[in-house]
Amino acid sequence: MSPGNVPCIPAPGKPDSSVTTGRLVIYPSRVKMALVLLGSIVFVLVCLWVAKTGFWDAVLAACVGVPFFGACGLYAAYRLIRHRPSFEMDWMGIIDTGSAIGVGRVFWEDIDHVYLYKCHGQWLLGIVPRDLEGFLSRQSPFRRSVIQLNLRLGCAPVNISGVQLPMSAGEFAELLHTRYGVRLKSDA
């Protein structure tokens, strides 16, 4: 693929400077991030309320739920304060910084295909690398363990949720397919 002038999907109030650099820059929806923050706060409060029952199972659930939802809320607050792109795409590949465990740069030639699937009622876009072992070897130990957990759970190695995007996961898949030629499989 050759570099070209590709439009940007800017964040509100951000200048469209990527047109001259040939990159497509996608920012997360501030509304979705605010909802994640609000939801995290609600779940932390519910976990704390449930823990007050004194039942061992409720206390154990709160010990897991409070740190997990607290971390989700802190990350959402960070993304609201420091509004940076979720994804950047250019003629070389895609840079995933859409989540706390984003995998960074993935070259187009390293992507075998992408596919849409539903997990817990949410549509996700799965990215499948051509050489999974090589891809894993380039990840940090923490990211590698998360990717291996995804695989054990029957998910794609790399997942993109609609929370990370100002569009649906399906629209993002179509964008990758039509603009960058990434193979889109209807059944994975």
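1. A cavity is a set of grid points where a 1.4 Å probe fits but cannot get out, whereas a pocket is an open set. The structure discussed in this note is a predicted model. By the rule for cavities, the count comes to one cavity of 30 Å³ or more. The space in this largest cavity is about 30 Å³.

2. The residues that line the largest cavity are Phe87, Ile94, Asp96, Val103, Val106, Ile127, Val158 and Ile160. Strand 3 and strand 7 are the elements that give two or more residues to this lining. By class, the lining of the largest cavity holds seven nonpolar residues, no polar residues and one charged residue.

3. The chain contains five helices and eight strands. Read from the N terminus on, its elements run β-α-α-β-β-β-β-β-α-α-β-α-β. Of the 188 residues in the chain, 39% are buried.

4. An open sheet of four strands has the order 1-2-3-4, and its pairing is antiparallel. Strand 1 (24-26) and strand 4 (104-107) stand at the edges with a single partner strand each, so one side of each is left without a neighbour in the sheet. From one strand to the next, the twist averages 15°.

5. Within this part of the structure, strand 3 (residues 93-96) pairs with strand 4 in the antiparallel sense over four bridges. Ile94 has Val106 in strand 4 as its bridge partner. Both Ile94 and Val106 are also among the residues that line the largest cavity.

6. Strand 5 pairs with strand 6 and with strand 8. Strand 5 and strand 6 run antiparallel and are joined by eight bridges. Leu116 has its bridge partner, Leu125, in strand 6. Strand 5 and strand 8 (residues 184-185), by contrast, run parallel and are joined by two bridges. Here Leu184 in strand 8 is the bridge partner of Val114. As a general point, strands of a sheet pair through backbone hydrogen bonds, either parallel or antiparallel.

7. The link between strand 5 and strand 6 deserves a separate point. These strands form a hairpin with two residues between them. His120 lies in the loop between strand 5 (111-119) and strand 6. The phi of His120 is near 55°, a positive value in a residue other than glycine. Is His120 buried or exposed? With a relative accessible area of 83%, His120 is exposed, because a value over 50% counts as exposed.

8. The largest pocket holds about 1400 Å³ of space. It is lined by 34 residues, of which Phe68, Cys72, Ser99, Ile101 and Ser161 are the closest to its centre. The elements that give two or more residues to this lining are helix 1 (30-51), helix 2 (56-81), strand 6 (122-129), helix 4 (141-152) and strand 7 (158-161).

9. Which element provides the largest share of the lining of the largest pocket? Helix 4 does, with seven residues. By class, the lining of the largest pocket divides into 22 nonpolar, ten polar and two charged residues.

10. A pair of aromatic rings is described by the distance of the centres and the angle of the planes. In this model the count comes to six aromatic pairs. One of them joins Phe43 and Phe69: the ring centres are 4.7 Å apart and the planes stand at 15°, so the pair is stacked, given that planes under 30 degrees apart count as stacked. The pair links distant parts of the chain, as Phe43 is in helix 1 and Phe69 is in helix 2, 26 residues apart.

11. Phe43 has a relative accessible area of 44% and is partly exposed. Phe69 is partly exposed as well, with a relative accessible area of 22%. A value under 20% would count as buried. Ring pairs also link Phe43, Phe68 and Phe69 into a cluster. Phe68 is one of the residues closest to the centre of the largest pocket.

Notes:
Residues numbered from 1 in each chain as written. Predicted model: local features only at pLDDT ≥ 70, side-chain atom pairs only at ≥ 80, totals over all residues. Heavy atoms only, no water. 1 Å grid on protein atoms, 1.4 Å probe; cavity = no way out; pocket = protein on both sides within 12 Å on 5 of 7 lines; lining within 4 Å. Points joined across faces, edges and corners; volume = space filled by probe spheres on them. Nonpolar A, V, L, I, M, F, W, Y, C, P; charged D, E, K, R; others polar. Phe/Tyr/Trp six-rings, centres within 6.5 Å; stacked < 30°, edge-to-face > 60°. Buried < 20%, exposed > 50% of the residue type's maximum accessible area, 1.4 Å probe, protein only. Pairing = 2+ DSSP bridges. Axes fitted to C-alpha atoms, helices over the stretch in contact; angles between N-to-C directions.
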